[in-house]
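Have the model open while you read, and look up each residue as we get to it.

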Amino acid sequence: MENALNEKSFQDKIDEGISIEPKDWMPETYRKHVLRQISQHAHSEIIGMQPEGNWITRAPSLRRKMVLLAKVQDEAGHGLYLYSAAESMGVTRDELLDQLHTGKAKYSSIFNYPTLTWADIGAVGWLVDGAAIMNQVMLQRTSYGPYARAMVRICKEESFHQRQGFEIMTVLSEGSSEQKEMAQDALNRWWWPSLMMFGPPDEESPNSANALKWKIKREGNDELRQRFVNQTVPQAAILGLKVPDTDLKWNEAKKGYDFGTPNWAEFKNVISGNGPCNKERIANKIHSHKEGAWVREAAEAYAAKKNKASIAA
Ligand code: FAQ
């Protein structure tokens, strides 16, 4: 009886748009649901640093290095705000990291694709951050207070990320024929995985019904995916690049594009740990978490360099 009353007043609060705070009563199913999403989101921000981090030393100019470094640092900050929001639900940071390292917690499918060329860094900013913002604007009003507040700052920074990616793509697509080709190749490889970032189609999304009822998500996966396509196709046209989808065409009746079906078999494969880079990404993360590993490696590299210099002298 008491539980039923609690549940009713909880749902009333949600329906009135009052946010749920850490000390408020909440159904255990809500707590688990929000925690699952925040932790997946936090892990995505942290793992998402890796494909871009690889390019900091290879960025083509000092300006590009500085901008990319700032962006990757932002992603670390996003991970930290989100881990803090998750901790407010009674889980420790160590537990969260353990779930990531043992594969119990997921992170976004997109970060299991490799960044093969500099144009991929443009495509990640333009498409991956573009899809991330499209999905995350609604999360600024998600029902769990600490998550919603973290998302306000995250969204501001993501807009800068999207623009820096688009700017890289603009420069490449206006450059030499090799540069334009590199930009097109990056679009070809990142287009479909970006559409998969929104999750499976609504009818195959087990979490959507509760997420919408509890206003954790405010819009469905398909609606957001459609909005992303509508926004991004004209941007590709500005760049003079071709979206790699033969089914893509404007549908006047729905005032949006019809588009092809992402490869959902590939998606399932990637989210279950068998994408092109899944194992490598986690192995890198575990390595950098081994206590002091990076400090020891830096010290060893410094000692080796000094030793070489003294032999040369
Ligand atoms: N990847 O029932 P649904 C970023 C799983 S941050 C992996 O529809 P839901 C910043 C899902 O967990 C990007 N798994 O799930 C950046 C569920 O499995 P489970 C991350 C996915 O939660 C940019 C199952 O499939 N953003 O990019 C994916 O209602 C550049 C069924 O799915 C967020 O996390 C996927 N893409 O909707 C950083 C935003 N999609 O848990 C560096 C917050 C679905 O039952 C560089 N999250 N699954 O075992 C969300 O909005 C939602 O969680 C969705 C999925 C929309 C991702």
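1. Let's start with a cysteine: is C155 buried or exposed? C155 is buried, because its relative accessible area is 7%. The label "buried" is used for anything under 20% relative accessible area, "exposed" for over 50%, and "partly exposed" for what falls in between (1.4 Å probe, protein chains only). C277 also counts as buried, with 6% relative accessibility.

2. Before going on, a word on what you are looking at. This is a predicted model, where local features need pLDDT of at least 70, side-chain atom pairs count only at pLDDT 80 or more, and totals for chains, interfaces and linings use all residues. Residues are numbered from 1 along each chain as its sequence is written, and side-chain values use heavy atoms, with hydrogens and water left out.

3. Back to cysteines for a moment. A disulfide is a covalent bond between the sulfur atoms of two cysteines. How many disulfides does a search of the whole structure find? The count is zero, where a disulfide would be a pair of cysteine sulfur atoms within 2.5 Å.

4. Next up, salt bridges. Side chains of opposite charge can pair when their charged atoms come close. Here a salt bridge is a side-chain nitrogen of Lys or Arg within 4 Å of a carboxyl oxygen of Asp or Glu. Searching the whole structure turns up 17 salt bridges.

5. D12 is called partly exposed because its relative accessibility is 30%.

6. Now try E219 and R227. Their side chains meet in a salt bridge with an N to O distance of 2.3 Å.

7. K255 deserves a point to itself. You'll find K255 in the loop between β1 (249–251) and β2 (256–258). The phi angle of K255 is near 50 degrees, a positive value in a residue other than glycine. K255 has a relative accessible area of 52%, so this lysine is exposed. K255 also forms a salt bridge with E252, with 2.3 Å between the closest N and O atoms. E252 itself is partly exposed, with a relative accessible area of 47%. Elsewhere, salt bridges that share partners tie E52, K71, E75 and D129 into one network.

8. K71 lies in helix α4. Why does K71 count as buried? Because its relative accessible area is 0%. K71 and D120 are 49 residues apart in sequence, and their C-alpha atoms are 15 Å apart in space.

9. At 40% relative accessibility, L69 counts as partly exposed. Compare L69 with T57: they are twelve residues apart in sequence and 9.5 Å apart in space, C-alpha to C-alpha.

10. Another pair to look up is R189 and P114. These two are 75 residues apart in sequence and 9.7 Å apart in space, again C-alpha to C-alpha. R189 is found in helix α8 and is partly exposed, with a relative accessible area of 26%.

11. Another lysine with a positive phi is K215, where the angle is near 55 degrees. K215 lies in the loop between α9 and α10 (221–239). With a relative accessible area of 21%, K215 is partly exposed.

12. Last stop, the surface. Which residues form a negative surface patch? They are D202, E203, E204 and E223. Patches are made of residues with over 30% relative accessible area and no salt bridge, with like charges joined within 9 Å and nonpolar side chains (Val, Leu, Ile, Met, Phe, Trp, Tyr) within 5 Å. E204 is located in the loop between α8 (177–196) and α9 (208–213). E204 is partly exposed, with a relative accessible area of 43%.

Terms used: Areas by Shrake-Rupley, 256 points an atom, 1.4 Å probe, with all protein chains shown as cover. Lys, Arg positive; Asp, Glu negative; His and termini not counted. Charge placed at Lys NZ, Arg CZ, Asp CG, Glu CD. Helix = DSSP H or I, 4+ residues; strand = E, 2+ residues; numbered from the N terminus.
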